[in-house]
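Have the sequence and the structure open while reading.

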Amino acid sequence: MSLAVTLLGTGSPMPHPDRAGPATLISAGSGPDAEHYLVDAGRGVLMRLAAAGLGAANLTAVLITHLHSDHITDLNDVITTRWVMTLPPTTPTPLTIVGPIGTRMVVEHILASLAPDIAYRIAHHEDLEQPPLVDVIEVVEGPIDLPGKVTIRSAPTDHKPVEPSVGFRFDHTDEDGAASAVVAGDTVPCAGLDDLCAGAGALVHSVIRKDIIAKIPLQRMQDTLDYHSSPEEAADTAQRAGIGTLILTHYVPPIPTGTVGDDWRALAAGHFTGTIELGDDLHRIDLPGVDAGLTLDAGD
Ligand SMILES: [Zn+2]
Ligand SMILES: [Zn+2]
């Protein structure tokens, strides 16, 4: 296994008893050397991470696609829990948070809101001597300088009027071969996402059912139509790029509990010939590595 995608939270701003807020985990390798990248930190992310057998201290980095509240609402929990749950003799390491321009300001405000809690805990715990260590990297487009084995780059997406927004591509090669996955976040089809997706193995894409939402006579719902992709549009993006596996998430409206979203799958399948994945929270998709040499030859 070269890369794995876990849908930690498949929900949206609409609270749902079975779907946590937007969060996707990209994992590379296994055991103590494994790397785990959290993309977005929506409602309940650490509960889902715990269900996946991991904690905030296991995260190699957190990557934020955009600063909509549903994607960052539990970032404060990730920051605080990593800080409090990193126990001696483990030396605390900074939590790396990657995101679009504006992320630094948001993280500074989160830390400011946590000031009373930080003071309480430092005063109460003798071995807790410093506030949470956070290292923010703001990105626009291009490679991201992180120390891990996974190569990560960003490109702008189109979620206007939410600006800026970015998608991320993860590339990892090990003894099993090379694998890659793109996490689009919330976006309409755009050149930046096409660029990230070109030749990638998997695409994780937020989707809304425009055919359903368009019929709801509420302006607040209608407003969401113009800055999200439908399953058909996400499928078109995947097909254009030659993606192998399209992974749909961030379901609006929520896919009812106990059903498997066959209607969503059918809409995407009309536009995409590869594998389509959707599911409940914690659905995991292993992306086997392909021989790097064969990948290069495939373009001939
Ligand atoms: Zn969203
Ligand atoms: Zn959004």
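## Buried residues of helix H9

In this predicted model, helix H9 covers residues 231-241, and its buried residues are Pro-231, Glu-233, Ala-234, Ala-235, Thr-237 and Ala-238. An α-helix has 3.6 residues a turn, so residues three or four places apart point the same way.

## How H9 meets H10

The axes of H9 and H10 cross at roughly 45° and come within 7 Å. Angles from 65 to 115 degrees count as roughly perpendicular and those under 35 as roughly parallel, so H9 is oblique to H10. The crossing of H9 past H10 is right-handed.

On the H9 side the contact is made by Pro-231, Glu-232, Ala-234 and Ala-235, and on the H10 side by Trp-264, Leu-267 and Ala-268. Sorted by class, this contact of H9 with H10 has six nonpolar residues, one charged residue and no polar ones.

## Ile-122 in helix H5

Ile-122 belongs to helix H5, which spans residues 115-124. Is Ile-122 buried, exposed or partly exposed? Ile-122 is partly exposed, because 13 other C-beta atoms lie within 10 Å, and a buried residue needs 20 or more while an exposed one has 12 or fewer.

Leaving out residues up to four places away in sequence, Ile-122 touches Leu-128 and Glu-129. From Ile-122 to Thr-91 the separation is 31 residues in sequence and 16 Å in space, C-alpha to C-alpha.

Methods:
Residues are numbered from 1 along each chain as its sequence is written. Chains are lettered from A and ligands numbered from 1 in the order in which they are written. This is a predicted model: local features need pLDDT of at least 70, side-chain atom pairs count only at pLDDT 80 or more; totals for chains, interfaces and linings use all residues. Helices (H or I, at least four residues) and strands (E, at least two) are DSSP runs, numbered from the N terminus. Two residues are in contact if their C-beta atoms, placed from the backbone, lie within 7 Å. Axes are lines fitted to C-alpha atoms, for helices over the stretch in contact, and angles run from 0 to 180 degrees between N-to-C directions. Angles under 35 degrees count as roughly parallel, over 145 as roughly antiparallel, 65 to 115 as roughly perpendicular and the rest as oblique. A crossing is left-handed if the near helix is turned anticlockwise from the far one by less than a right angle, and right-handed if clockwise. Ala, Val, Leu, Ile, Met, Phe, Trp, Tyr, Cys and Pro count as nonpolar, Asp, Glu, Lys and Arg as charged, and the others, Gly among them, as polar.
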